[in-house]
Amino acid sequence: MVDLHRLWALIKINLIYRQPELTLRERKNHKSGDQLIKKFSLMDLGSGALLAIVFGWIFLASDFIRSPGLFTLMVVWFGVVTISQEIMFIYNIFFDNRDLNAYLPLPFKMSELFLAKMLTVCRSTLLVTLPLYVMMLLTAWQARGFFWLRVLVASLAYLLLVILLCLLGN
């Protein structure tokens with residue numbers, strides 16, 4: 001059984017290691033610990049929301065029902081961007097920080113460490129794919145049929161796509 005409190009503590013540590021250059025810059029500004037986590041979380045939410053708004057505005061001019069090739073192109077393009085981001089995060093979190101020796105004297109299981117690292121990568125990946133969710137919702141809005149069923153199908157398709165991208169990148 002995984003202790004969620006310990007898992008969250010490990011995820012917070014991995015969020016700091018996710019982007020070492022940004023962490024160093026923020027530490028020079030005398031930020032540490034929870035201040036860094038709060039700053040990085042706000043930056044992630046802000047950039048994800050900005051991406052969703054900008055691409056959502058662009059997607060409003062597109063009719064994805066009549067041009068499935070454009071829909072597929074956007075899914076592939078965001079998939080490639082997402083996987084490239086995942087590769088960078090995986091390298092920074094798993095290989096570059098070399099934190100395993102620091103965890104050896106602590107009462108963490110290897111499965112908890114690995115799960116926390118994977119969840120950190122997936123959390124970071126989720127924010128890059130928010131424009132895909134907007135695109136799927138706009139496609140559901142443009143389609144015919146029962147509206148709430150279309151929204152449910154679009155949400156499930158997005159969730160399935162994010163899981164697939166997390167698995168492909170990891």
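At what angle do the axes of helix H1 and H6 cross, and within what distance do they come? In this predicted model, the axes of H1, which covers residues 4–18, and H6 come within 8 Å and cross at roughly 55 degrees. Because angles from 65 to 115 degrees count as roughly perpendicular and those under 35 degrees as roughly parallel, H1 and H6 are therefore classed as oblique to each other. The handedness of the crossing of H1 and H6 is right-handed. On the H1 side the contact involves Arg6, Leu7, Leu10, Ile11, Asn14, Leu15 and Arg18, and these residues meet Glu112, Leu113, Leu115, Ala116, Lys117, Leu119, Thr120, Arg123 and Ser124 in H6. Sorted by class, the residues of the contact of H1 with H6 comprise 8 nonpolar, 3 polar and 5 charged.

The pair described above belongs to a chain that has 8 helices and 0 strands, and the pattern read along the sequence is accordingly given as α-α-α-α-α-α-α-α. The C-alpha trace of the chain spans about 60 × 40 × 25 Å along its principal axes.

A further helix pair is formed by H2, residues 20–28, and H3, which pack at an angle of about 125 degrees with their axes 11 Å apart. That angle makes H2 oblique to H3, and the crossing of H2 and H3 is right-handed. The residues that meet in this pair are Leu22, Thr23, Glu26 and Arg27 in H2 and Leu36, Lys39, Phe40 and Met43 in H3. The contact of H2 with H3 contains 4 nonpolar, 1 polar and 3 charged residues.

For H4 and H7, the latter covering residues 130–142, the packing angle is about 165 degrees and the axes are 10 Å apart. Since angles over 145 degrees count as roughly antiparallel, H4 is roughly antiparallel to H7, and H4 passes H7 in a left-handed crossing. The contact is made by Phe71, Met74, Val75 and Phe78 of H4 together with Pro131, Leu132, Met135, Met136 and Thr139 of H7. When these residues are divided by class, the contact of H4 with H7 has 8 nonpolar, 1 polar and no charged residues.

Pocket analysis returned a largest pocket with a volume of about 250 Å³. This pocket is lined by 14 residues, of which Gln19, Asp44, Ser47, Gln85 and Val128 are the closest to its centre. Helices that take part in the pairs described above also contribute to the lining of the largest pocket, to which H3 (34–59), H4 (68–96) and H6 (110–128) each supply at least two residues. H3 gives the most to this lining, with 5 residues. In terms of residue class, the lining of the largest pocket is made up of 7 nonpolar, 5 polar and 2 charged residues.

Notes
Residues are numbered from 1 along each chain as its sequence is written. This is a predicted model: local features need pLDDT of at least 70, side-chain atom pairs count only at pLDDT 80 or more; totals for chains, interfaces and linings use all residues. Side-chain values use heavy atoms; hydrogens and water are left out. On a 1 Å grid over the protein atoms alone, a cavity is a set of points where a 1.4 Å probe fits but cannot get out, and a pocket is an open set with protein on both sides within 12 Å along at least five of seven lines; lining residues have an atom within 4 Å of a point. Grid points are joined across faces, edges and corners, and a volume is the space filled by probe spheres set on the points. Helices (H or I, at least four residues) and strands (E, at least two) are DSSP runs, numbered from the N terminus. Ala, Val, Leu, Ile, Met, Phe, Trp, Tyr, Cys and Pro count as nonpolar, Asp, Glu, Lys and Arg as charged, and the others, Gly among them, as polar. Axes are lines fitted to C-alpha atoms, for helices over the stretch in contact, and angles run from 0 to 180 degrees between N-to-C directions. A crossing is left-handed if the near helix is turned anticlockwise from the far one by less than a right angle, and right-handed if clockwise. Contact means heavy atoms within 4.5 Å.
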